[in-house]
Amino acid sequence: MIQGHKCTMSSVKDDAVVVNSQLRHSVSTLWFFLTFEFLISTFLSIFLAILTFIKSLLPKPPRDLTGDIILIAGVSSSLGESLASEFLKNGCSVICVDKDSKTIEETVTRLKQRHLIVEPRQRRSNDDSLSRSGSMIFTYECDFLDKDAIRGTVQKVKKDIGRIDVLITCINETNENIFDASNRTLMAHFWTVLTFLPMMLYQKRGHIIGVTPIALNSDAYHSSRAAIMYFIESMRQELSEHSSYLTFLAYSPIAKSSSLKQNEEEVSKNIVRAVKTDQYNVSWTFKLLYQIGCIIYNGITLLTNWIDFNRCDYPT
């Protein structure tokens with residue numbers, strides 16, 4: 001009897017040892033997997049942080065302009081019409097503003113012959129669906145030398161459309177007196193920018209672009225071109241602390257050996273590219289580096305999205 005009892009106690013002790021051994025093994029395995037998951041999570045977090053930092057140093061790819069609203073002051077000029085055509089080609093809606101309603105209508109007729117245009121409709125209160133309705137053209141007559149007329153146009157645009165994403169001034173006030181023409185051109189740009197500025201100041205994104213007439217061999221308007229560029233640059237410096245989302249660009253194109261129409265088309269493409277990328281250097285070296293940077297940017301974006309999707313909610 002005693003011997004049988006001893007055998008039973010020995011068997012119980014052996015079973016307890018086996019259970020304790022299995023328990024220790026399970027705990028060790030659990031700690032191993034928890035440590036492994038923690039190390040993987042830490043590594044992925046550090047790796048993603050490095051990729052995010054590298055990505056912040058790279059240029060962003062060109063953004064889609066579809067739905068943006070572009071106001072072109074001086075649209076009846078050949079350069080203004082070329083700009084309107086290029087933005088319409090990129091899916092934007094264009095607000096055509098000039099001082100002569102007849103020339104505006106002639107310009108709009110030519111634009112409608114080249115692009116698919118949706119008829120503008122009345123904007124409802126707090127309705128932003130205009131930007132999703134397709135490319136539209138709005139027309140306003142305005143004397144750029146009359147501050148009250150410009151203010152009235154701003155109020156009409158605010159009521160009818162609601163916002164402006166890009167303001168482009170390509171106004172050229174011609175006059176027999178060269179000095180008077182230069183002064184009128186500068187003041188037209190000046191009052192137009194200052195009057196529309198409050199409407200754009202607190203938007204999440206916006207561009208104000210001053211475009212001077214294409215410089216030919218004549219030096220007659222070089223002073224006004226320089227003054228317009230300095231004015232836009234001074235506005236950028238003054239407002240840099242108030243709105244980090246508002247971009248100022250002064251563009252003073254110079255005529256090349258090709259025809260004036262080809263020059264205007266090239267200028268229009270460069271300006272649209274600048275709005276898309278916020279990059280204004282158009283040298284071939286810069287273009288190549290920009291394209292390489294965009295490829296790396298897109299690659300990092302795909303990689304980080306894939307890691308976020310496949311890392312199975314590791315603790316971070």
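What covers the buried residues of α3? The cover includes α2 (78-89), β2 (93-98) and β3 (137-141), where buried means under 20% relative accessible area, exposed over 50% and partly exposed in between, with a 1.4 Å probe and protein chains only.

## Basis of the model

This is a predicted model, in which local features need pLDDT of at least 70 and side-chain atom pairs count only at pLDDT 80 or more, while totals for chains, interfaces and linings use all residues. Residues are numbered from 1 along each chain as its sequence is written, and side-chain values use heavy atoms, with hydrogens and water left out.

## Helix α3

The buried residues of α3 are I104, T107, V108 and L111. Seen down the axis of α3, these buried residues fall within an arc of 100 degrees, so they line one face of the helix; the arc is that of the directions from the helix axis to the C-beta atoms. An α-helix has 3.6 residues a turn, so residues three or four places apart point the same way. On the face turned away from the buried side of α3 are the exposed residues K102 and Q113.

## Strand β5

Six of the six residues of strand β5 (residues 206-211) are buried, so the strand is largely enclosed by the rest of the structure. G206, I208 and G210 point one way from β5, whereas H207, I209 and V211 point the other way.

Strand β5 pairs in the parallel sense with β4 (residues 166-169) over four bridges, pairing being counted if DSSP finds at least two bridges between two strands.

Definitions and conventions. Helix = DSSP H or I, 4+ residues; strand = E, 2+ residues; numbered from the N terminus. Contact = heavy atoms within 4.5 Å.
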